[in-house]
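Visitor: I would like to learn how to read a model of this kind, feature by feature. Could you take me through one, giving the general idea before each case?

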Amino acid sequence: MSLDVLVCVKRVVDSSGEVVLSDDEQAVDGRYAGFTVSNHEECAIELAVQTAAAVGGAASVVTLGDPAAVEQLRSALAVGCTAATHVEADPTVFGPADVAREIAAVVRDHEAAGRPHDLVLLGNDAADSGDFQVGIRLAYELGRPVINGAATIAVEDGAVVAGVSGPDGHETYRVPLPAVVTVLEGGVEPRYPTVPGRMKAKKVEIERRTPVSEPSGPKRRRLKLPPPQPSEVQILGEGPEAAPAVVDLFERLGVVSR
Amino acid sequence: MILVLVETDATGAIEVSRETITFARDLSAAGGGVPVDAVVVGELPGTAEELAQQLASYGVRDVHHATGEAFSAYGGASWASAVQAVRDSTGAVVVTAAGTPRGMEVLAHLTARIGVAMAANVVSFEGLAPFTVTRQVVSGSVLEEMVLDERPAVFTVAGHAVEAVPAQTPGAGRLVPSSPEVAEADLIARVVSSEPPQADLSGGLKTARVVVGAGRGAGSAEGFGDLLELRDLLDASLGVSRVVTSLGWRPHHEQVGQTGSRISPDLYVACGISGAIQHWAGCSSAKTILAINTDAEAPMVAKAHYAVIGDLHEIVPAINEELRKRKG
Ligand SMILES: Cc1cc2nc3c(=O)[nH]c(=O)nc-3n(C[C@H](O)[C@H](O)[C@H](O)COP(=O)(O)OP(=O)(O)OC[C@H]3O[C@@H](n4cnc5c(N)ncnc54)[C@H](O)[C@@H]3O)c2cc1C
Ligand SMILES: Nc1ncnc2c1ncn2[C@@H]1O[C@H](COP(=O)(O)O)[C@@H](O)[C@H]1O
């Protein structure tokens, strides 16, 4: 069986440092930060590549983003994806329903061109907008079943089997292909790109598209930063030399007896 | 009417669902007192009457209980069709759930089916006309004001954004059975088997006087030795961040935060935890917080009462040594 797994990634500002908003309060300003994709999506890429290898298929990557999002496509190509599609558009004016519609159009067009994506992987939630819904909306666009929050997946006998950690414990889903699966980090360790991987990625020609329809937009009014909390922290010291001061504190608080 | 999807465990409605009902009641009060109903799906841990009574104490009018073979195992689409049936028969103007994985999933299905927007991780509402909510984005370091101008307005409430408080005047808590038809297509993606979780041991964590917390800074599953020793020396419980549970270093029942337990100990020793808003949601009621972190700028250090700057793998053993020495 030849399976072409499609994985969807979103270029986002690396928000581990200080977050700055754009002047129009519609986006996080990335001018002073790096860009990345979410941990969930890194795991989705890894699962796509592993699954493709296991069944002798291929892994493809897609993003809807501004021209710079090519960087995230190349990163995915560098770790084993072999084809990439770039829907060039300003992602901040696309709501989750819009993104789902655009990805569905890519899947349909590829299918019409003889390259069906019987398995589409997404992240559980995007690292910036955090809408928790593009994967599910995509499934409805395509009329497919969807498994949410998978840590592991395997394809066997025309079905995808996914492991999810949920309130019932370790839960297993088994769904016939074609299907959509959203991935939660934790089930696999994303690999690092190798130098030959990077070289190969540079040579791949990226399919460029424009959106198929006008976005209806997110229902965002504005972004705002939570008010900064005044810090009243008392630094007890640096390194192991602070241990006596820490234990003094424990004694004062009465959590250990003097 | 405001419809709340309620999740249950052995204790009845789970805490975050009760928080969501409390949020719905506040919304109802602002909106002229529209009733708050609940919907529960599938088999319940106790009897439906017990649950209805518990929900009545939170001000719930009707408790819609969807039963039938279709709900014998969890599935996002089948649960959503149960919620959709109740929404259709009642004309609810708001549908909400706690921001748990299942709450997110079921409401995302619902909104995809009926073609309205969904706001994830709402923490407050700003105004009713237009209905505007504030929600967490960018892992909680940014807030977004979002307008929900369609009906029903659908959103999930971030865990521990509000406190679960019983209502001053109880609701009727009337049980309304429901046995909606579920389409074949909505039964495809369901849990086919599950290995039960380890017994919920989080009870001790929630009531512990001292909690030793650990985050990504622990480094690996093997990096917990000194932290566990500190826990034992302080007769404390261990609490961890979601990174730690996601990476499988420690079990989920030890997670503190928005999608974990809320703790309120006298002392929380937060080691190698950055203090993201979702973690803070679970530990902000600690009376005293001591942060141990290599990064003096980490939010957890800024929010703590006391901090030691440096590597936990050096500091924690030194504290253990000092404790052992003083104990004699
Ligand atoms: C919807 C949603 C729900 C969430 N729910 C939760 C939740 O319930 N609970 C939760 O915890 N998170 C939750 N999160 C995740 C949260 O946003 C953060 O990603 C998470 O809390 C970060 O965990 P951490 O502090 O362990 O890791 P990091 O953010 O990576 O921080 C690690 C910290 O350790 C420090 N450090 C590193 N090495 C050392 C060392 N050797 N010694 C000392 N310090 C060191 C670093 O300086 C840093 O401050 C949720 C996120 C979302 C989007
Ligand atoms: N602009 C985008 N381009 C490609 N994939 C996306 C985009 N936005 C969201 N996704 C995918 O949908 C998942 C869930 O996003 P969200 O529903 O916005 O939280 C993400 O983890 C991505 O896999």
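Predicted model: local features only at pLDDT ≥ 70, side-chain atom pairs only at ≥ 80, totals over all residues.

Visitor: What is phi of S139(B), and what is phi of V138(B)?

Guide: Phi of S139(B) is near 50°, a positive value in a residue other than glycine, and V138(B), which is not a glycine either, has a positive phi of about 45°. V138(B) is found in the loop between β8 (131-137) and β9 of chain B.

Visitor: Is V138(B) buried or exposed?

Guide: Buried means under 20% relative accessible area, exposed over 50%, and partly exposed in between, with a 1.4 Å probe and protein chains only. V138(B) counts as buried because its relative accessibility is 6%, whereas S139(B), with a relative accessible area of 49%, is partly exposed.

Visitor: Which residues does a cis peptide bond join in chain B?

Guide: The omega angle is the one to read here. A cis peptide bond joins R151(B) and P152(B), with omega about 0°, and P152(B) is found in the loop between β9 (142-147) and β10 (153-157) of chain B. In chain A, the peptide bond from L177(A) to P178(A) is cis, with omega near 0°, and P178(A) lies in the loop between β10 (169-176) and β11 (179-183) of that chain.

Visitor: Why does the radius of gyration of chain B agree with a compact globule?

Guide: The radius of gyration is taken over C-alpha atoms, and the globule rule is 2.2 Å times the number of residues to the power 0.38. For 328 residues a compact globule would have a radius of gyration near 20 Å, and chain B agrees because it has 21 Å. Chain B has ten helices and 17 strands, and 59% of its 328 residues count as buried. Where contact means heavy atoms within 4.5 Å, 66% of the contacts in chain B between residues at least 6 apart in sequence join residues at least 24 apart.

Visitor: With which residues is R220(A) in contact, leaving aside its neighbours within four places in sequence?

Guide: With those neighbours left aside, R220(A) is in contact with Q26(A), T92(A), E144(B), E145(B) and M146(B). R220(A) is in strand β13 (residues 220-224) of chain A, and it counts as buried because its relative accessibility is 17%. A polar atom of the side chain of R220(A) lies 3.1 Å from the backbone oxygen of Q26(A).

Visitor: Why is the site of ligand 1 shared between chains?

Guide: A residue is near a molecule if one of its heavy atoms lies within 4 Å of it. The site is shared because residues from chains A and B surround ligand 1. Of the 29 residues around ligand 1, R216(B), S241(B), T259(B), S274(B) and Q278(B) come nearest. A backbone N or O atom of R216(B) lies 2.7 Å from an oxygen atom of ligand 1, and a backbone N or O atom of T259(B) also lies 2.7 Å from an oxygen atom of ligand 1. The protein covers 83% of the 990 Å² of accessible area that ligand 1 has on its own, such areas coming from the Shrake-Rupley method with a 1.4 Å probe.

Visitor: How many residues surround ligand 2?

Guide: Ligand 2 is surrounded by 19 residues, the closest being C8(A), E41(A), L64(A), G123(A) and A126(A). A backbone N or O atom of C8(A) lies 2.6 Å from an oxygen atom of ligand 2, and a backbone N or O atom of L64(A) lies 2.8 Å from a nitrogen atom of ligand 2. Taken alone, ligand 2 exposes 480 Å², of which the protein buries 98%.

Technical notes:
Residues numbered from 1 in each chain as written. Chains lettered and ligands numbered in written order. Heavy atoms only, no water. Polar contact = N/O pair within 3.5 Å; in protein donor to acceptor, adjacent residues only side chain to side chain. Helix = DSSP H or I, 4+ residues; strand = E, 2+ residues; numbered from the N terminus.
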